[in-house]
Amino acid sequence: MFKNMKIGTRMGLGFGIVAALLIIVSVVSLIRLSAVGKTVQVMVDDRMPKVTMVNGIIGDINVVARGMRNMMLLERKEDVLKEEERIKDAGKKVTDVLEELKKVIHSEKGKEILQELNTARAAYLMAAGDVRKLALEGKKKEATDILMNKVRPLQTVYIGAAEKLIKFQTELMVEDGKNAESLYESAMIIILALSAVAILLTMVMAWWLTRSITRPINTCMDIATKVARGDTAVDIQVTSKDETGQLLSAMNQMVKNIQAMVSD
């Protein structure tokens, strides 16, 4: 079948195969790189923002803690009220962040840890509320007792729950990083393998095309040289119907004509 192909058809087939291999390499590269990009995007757009939000919660917990401490130390009523407002603002920020986390945390373990955080916060807020109420009433000794003996242990649990959520999200980021690295390595192996196959097939196709064209032409040149020397006893075998086969047929007919002229 290949012997009877026109030279143009052979070249088109060869270039078509090479082009197809290049397309395959490009498509596989895009697919694998897209997978790596999605994994990195999850890390940047999902995991890291959650860690940042929870770190913000810890920061606001410390704002509340400093505010309650200041309420114990300040004497002027207006200064105590300012600290109360600071505590309220920090509490609102935490509430907003927790609502946002509720929307974006989807895994069962993540939801479980978030629930622990909310539970710890509820217990903390109740005790902290008692401290603030007593401080506003000027009962600083009673407020200090509750702050030291009840609020501080609950704050430790509260911060611990927040840190647990940070640790969970960090572990997910580490896992995503390993997945991205694995995807990158496998992509490189696949791309290099396909590229090697493409190069090998290109070399084979180039050799086949060159040989299918030059071999018959060299045969014609040898025959022409023999005939020019007066040797007409040549046997030309035509095995294809392409342009080179047609050339050999024409050469064969020419030799037969010369042989006929010699015999006459």
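1. Axes are lines fitted to C-alpha atoms, for helices over the stretch in contact, and angles run from 0 to 180 degrees between N-to-C directions. Helices are DSSP runs (H or I, at least four residues), numbered from the N terminus. This is a predicted model, in which local features need pLDDT of at least 70, side-chain atom pairs count only at pLDDT 80 or more, and totals for chains, interfaces and linings use all residues. Residues are numbered from 1 along each chain as its sequence is written, and side-chain values use heavy atoms, with hydrogens and water left out.

2. The axes of helix H2 (residues 77-104) and helix H3 (residues 108-136) come within 12 Å and cross at roughly 170 degrees. H2 and H3 are therefore roughly antiparallel (angle over 145 degrees).

3. Residues in the contact (heavy atoms within 4.5 Å) include Val80, Leu81, Ile87 and Gly91 of H2 and Leu114, Leu117, Asn118 and Arg121 of H3. By class, the residues of this contact are 10 nonpolar (Ala, Val, Leu, Ile, Met, Phe, Trp, Tyr, Cys and Pro), six charged (Asp, Glu, Lys and Arg) and three polar (the others, Gly among them).

4. After H3 comes Gly138, which takes a positive phi of about 85 degrees.

5. One aromatic pair (ring centres of Phe, Tyr or Trp, its six-membered ring, within 6.5 Å) is found in a search of the whole structure.

Technical notes: Helix = DSSP H or I, 4+ residues; strand = E, 2+ residues; numbered from the N terminus. Parallel < 35°, antiparallel > 145°, perpendicular 65-115°, else oblique. Phe/Tyr/Trp six-rings, centres within 6.5 Å; stacked < 30°, edge-to-face > 60°.
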